[in-house]
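Hi,

Here is the structure I said I would pass on.

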Amino acid sequence: MSKSNKTNPTARTNGAGKVDKMDPDVSIDMEAPEFKDFAKSMVDYIAEYLENIRDRRVLPDVKPGYLQPLIPDAAPVKPESWQDVMQDIERVIMPGITHWHSPKFHAYFPTANSYPAIVADMLSGAIACIGFTWIASPACTELEVAMLDWLGKMLELPAEFLACSGGKGGGVIQGTASEATLVALLGAKAKKMKEVRETHPDWDDHTIISKLVGYSSAQAHSSVERAGLLGGVKLRSVPADEQNRLRGEALEKAIEQDLADGLIPFYAVVTLGTTNSCAFDRLDECGPVANKHNVWVHVDAAYAGSAFICPEHRHHMKGIETADSFNFNPHKWMLVNFDCSAMWLKDPSWVVNAFNVDPLYLKHDMQGSAPDYRHWQIPLGRRFRALKLWFVLRLYGVENLQAHIRRHCSYAQQFAELCVQDSRFELAAEVNMGLVCFRLKGSNERNEALLKRINGRGKIHLVPAKIRDVYFLRMAVCSRFTRPEDMEYSWQEVSAAADEEEQQQK
Ligand SMILES: Cc1ncc(COP(=O)(O)O)c(C=O)c1O
């Protein structure tokens, strides 16, 4: 940009010798040749960064406030060069990055990253449409419809969820699983309110809302509780069984009790792959119970849903035909960069009608012939996210995506075996998918000290969880660069930290 005036033959100066920015012939933008150099340089940087990510310290070694002294107090008045910006990435940004794609990162659940998705996001950034209606960019809507069908078929979702079945159902890309849970809750709320208004025309909306109650397992993600708060309804946490699963009997008991108390059950979240321990609620039991009581079933498979592209993991989806909505995050475990949360609805009209406001400026002649996704989500604006699904599905193929899932599962098994061979340790839950829940035998305090030591050493990064007052460490396989040697390295780190902890105790 700093050079653009030199290359622009029509650049003019005003009387004071300054470039007149109001003159439309004076370029204020980065020109295409410079953009190409900048972007190529960034692509080189990205490839170097990712290919050598293993060598970086996974957790940054900075203190809060580290960044401000490294940059000026205010934005520059004059344009700078892109080379200066590039140089500041290592100086300013990288020291404060937690490297989520390092094979040494085992915290939370994975977030996806692949070259095809990065390139697709570049194109999305260039098209930069806001695809809130079909006419706002037909390709944005139509590719999304098609990709959600491709993906639904990969998971073997029942045809009722797919747009290609010709029924009411269809899919949408939400930003996050949390949004999907909230959208489903609002759809369920609208549906139940309509039913209750018909049977109790004398009840006002306030009375009805005060009686609505939803359900999830005590192991459900915090976003479920939050959806209840945002939706202004009661959500009840139902105890999970000893394997951390929501069972049909427990759900039925809670619903019966609430009915006896004059409440109106309307919504149940079934989690396939809980955050704490990757437990699978029994959809085959909970779904029929919820259906019997006319309660909307939302399936939250945020992390583990990606594994359902592998036939050997699909048994966890047994009962899927009872669900009203299903959601998982390709942006977690299916190599599609954030944000891409796939949601399917059997009957989207409940959600579409719940959110329908129709100002004149958003209407168009083709309304009704294709989805206007603005009605399926909370915000109005939406990026062209289907592109990254399209690129990833085509450039990996189902086979390689399945191989990615299977590798991660095998690395978790490898780590678990190393863990159980050390008599100081025990597994805290069944090893499911790419997650190992483990702990030192003994007190919670011992394990808290161990985790502090592991993260303090900065070589690998883990986070804890607690179920029924038992504190444990979670080792999630997160990186697409992970190899068996990385698992050995991570185990050795855990073991070395345990040695240190033992020394300390002596
Ligand atoms: C089971 C489950 N549900 C929901 C979420 C929230 O996902 P998001 O960040 O996409 O809202 C998570 C995050 O890890 C999760 O594990």
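Starting with the ligand: there are 14 residues around it, and the ones that come nearest are Ala-177, Ser-178, Thr-275, Asp-300 and Asn-329. Before you read too much into any of this, keep in mind that the model is predicted. With Asp-300 the ligand atom is a nitrogen, 2.7 Å from an N or O atom of the side chain. On its own the ligand has 400 Å² of accessible area, and the protein covers 87% of that. As for which helices contribute to the shell, α6 (177-199) and α11 (330-333) each supply at least two residues.

Next, the strands. β7 (residues 341-345) pairs antiparallel with β1 (170-174) over 5 bridges, and β6 (325-328) is joined to β7 by 4 bridges, antiparallel as well. So what does Ala-342 of β7 pair with? Its bridge partners include Ile-173 and Phe-328. Elsewhere along β7, Leu-345 stands opposite Gly-170.

Are the residues of β7 buried or exposed? The strand is mostly covered, with 5 of its 5 residues buried. In a regular strand the side chains alternate between the two faces of the sheet. Here Ser-341, Met-343 and Leu-345 lie on one side and Ala-342 and Trp-344 on the other, and both faces are covered.

Most residues other than glycine have a negative phi, and most peptide bonds are trans. The bond from Phe-338 to Asp-339, however, is cis, with omega near 5°. Asp-339 is in the loop between α11 and β7.

Now for helix α10 (residues 283-292). Its buried residues are Leu-283, Cys-286, Gly-287, Val-289 and Ala-290. Seen down the helix axis they fall within an arc of 165°, so they line one face of α10. What do the buried residues of α10 pack against? They pack against α9, β4 (264-271) and β5 (296-300). After α10 comes Asn-294, which has a positive phi, near 60°.

Asp-241 is in the loop between β3 (234-238) and α9 (248-260). Why does Asp-241 count as buried? Its relative accessibility is 12%, and the cut-off for buried is under 20%. Its side chain makes a polar contact of 3.2 Å with the side chain of Arg-247. Leaving aside neighbours within four places in sequence, Asp-241 is in contact with Arg-247 and Arg-468.

Arg-468 itself belongs to the loop between β10 (463-467) and β11 (470-476). Arg-468 is exposed, with a relative accessible area of 52%, and its phi is positive, near 45°. Asp-469 lies in the loop between β10 and β11 too. Its phi is also positive, about 70°, although Asp-469 is not a glycine. At 60% relative accessibility, Asp-469 counts as exposed.

That is what I have for now.

Cheers

Note on methods: Residues are numbered from 1 along each chain as its sequence is written. This is a predicted model: local features need pLDDT of at least 70, side-chain atom pairs count only at pLDDT 80 or more; totals for chains, interfaces and linings use all residues. Side-chain values use heavy atoms; hydrogens and water are left out. Two strands pair if DSSP finds at least two bridges between them. Buried means under 20% relative accessible area, exposed over 50%, partly exposed in between (1.4 Å probe, protein chains only). A polar contact is a pair of N or O atoms within 3.5 Å; within protein, one must be able to donate a hydrogen and the other to accept it, and residues adjacent in sequence count only if both atoms are side-chain atoms. Contact means heavy atoms within 4.5 Å. The arc is that of the directions from the helix axis to the C-beta atoms. A residue is near a molecule or strand if one of its heavy atoms lies within 4 Å of it. Accessible areas come from the Shrake-Rupley method with a 1.4 Å probe; for residues, only the protein chains shown count as cover.
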